[in-house]
Amino acid sequence: REVMSDFPKSIGTSWSERMRLIRFRRKRERFHLWKEFKVVPSWLKGTMIVLYAIALATVLIANAVTHGALLGPRDVAQHQHLLPFALAGIVTAVAIPIAIVLFLTGYVYRDAERRGMSPGAWTFLVIALMPAYLALGFIVYFVMREPLPFDCPQCGTKVGARFNYCPNCKWNLHPSCPQCRREVLDTDKFCSFCGQNLASPAPTVAPAALSQG
């Protein structure tokens, strides 16, 4: 019975911790498409470029050999110069969604690795969910992923978002507003929740006011 009574409490604690990490990640990290694209493995980018070039060359060569066999004999002379562009557009239209899926899969593996998560497990998850649920696996990953490790403001040691104190210098990694007790960043000058000036101490209530209340 004690275990069952503690279960809702543990679920609530886990949910609160997850929401705290999500807020922490949103404050610390800024999304830049080009920087995130660099996380994708270089060998995967090169492989996709080579495969696209091979597919495009194969289609164009086949068209040149057949001399526009896909068109009627009266339309060949009129539309022959447009057919290579049409075929190239078809190849590109097919290649783009395939490349996006493969790039996202490679990104998940590398990104999970740099965040201290299990890259193999998360990559397997997004691949397993893809046939039935398409992008659901990627959505789950982007919501649940851990914040990136960051440097301790005091000593520069690499620390994780779940650390409360730096293991090297004991610096408080999650300072809170002295007035509303909400978590703030080291670089914040004012609390984003109550507007308290973080450079000054929280206002104290006079004993006389407490006795009157």
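This is a predicted model: local features need pLDDT of at least 70, side-chain atom pairs count only at pLDDT 80 or more; totals for chains, interfaces and linings use all residues.
Me: Why are α6 and α7 called oblique to each other?
Reply: Their axes come within 7 Å and cross at roughly 140 degrees. Angles over 145 count as roughly antiparallel and 65 to 115 as roughly perpendicular, so α6 and α7 end up as oblique.

Me: What makes the contact between them?
Reply: On the α6 side it's W122, L125, V126, L129, M130 and Y133, and α7 brings L136, G137, F138, V140, Y141 and M144. By class that gives 11 nonpolar residues, one polar and no charged ones. Gly counts as polar.

Me: What makes the nonpolar surface patch?
Reply: Y133, L136, I139, V143 and M144 do, over about 440 Å². Helix α7 (residues 136–144) gives the most, with four residues, and I139 lies in that helix.

Me: How do you know that E29 and R115 form a salt bridge?
Reply: Their closest N and O atoms are 3.0 Å apart, and the cut-off is within 4 Å, so the pair qualifies. The structure holds seven salt bridges.

Me: Why say that this pair ties together parts of the chain?
Reply: E29 sits in the loop between α1 (2–28) and α2 (33–37), while R115 is in the loop between α5 (83–114) and α6, so the parts being tied together are 86 residues apart in sequence.

Conventions. Residues are numbered from 1 along each chain as its sequence is written. Side-chain values use heavy atoms; hydrogens and water are left out. Patches are made of residues with over 30% relative accessible area and no salt bridge: like charges are joined within 9 Å, nonpolar side chains (Val, Leu, Ile, Met, Phe, Trp, Tyr) within 5 Å. Accessible areas come from the Shrake-Rupley method with a 1.4 Å probe; for residues, only the protein chains shown count as cover. A salt bridge is a side-chain nitrogen of Lys or Arg within 4 Å of a carboxyl oxygen of Asp or Glu. Helices (H or I, at least four residues) and strands (E, at least two) are DSSP runs, numbered from the N terminus. Axes are lines fitted to C-alpha atoms, for helices over the stretch in contact, and angles run from 0 to 180 degrees between N-to-C directions. Angles under 35 degrees count as roughly parallel, over 145 as roughly antiparallel, 65 to 115 as roughly perpendicular and the rest as oblique. Contact means heavy atoms within 4.5 Å.
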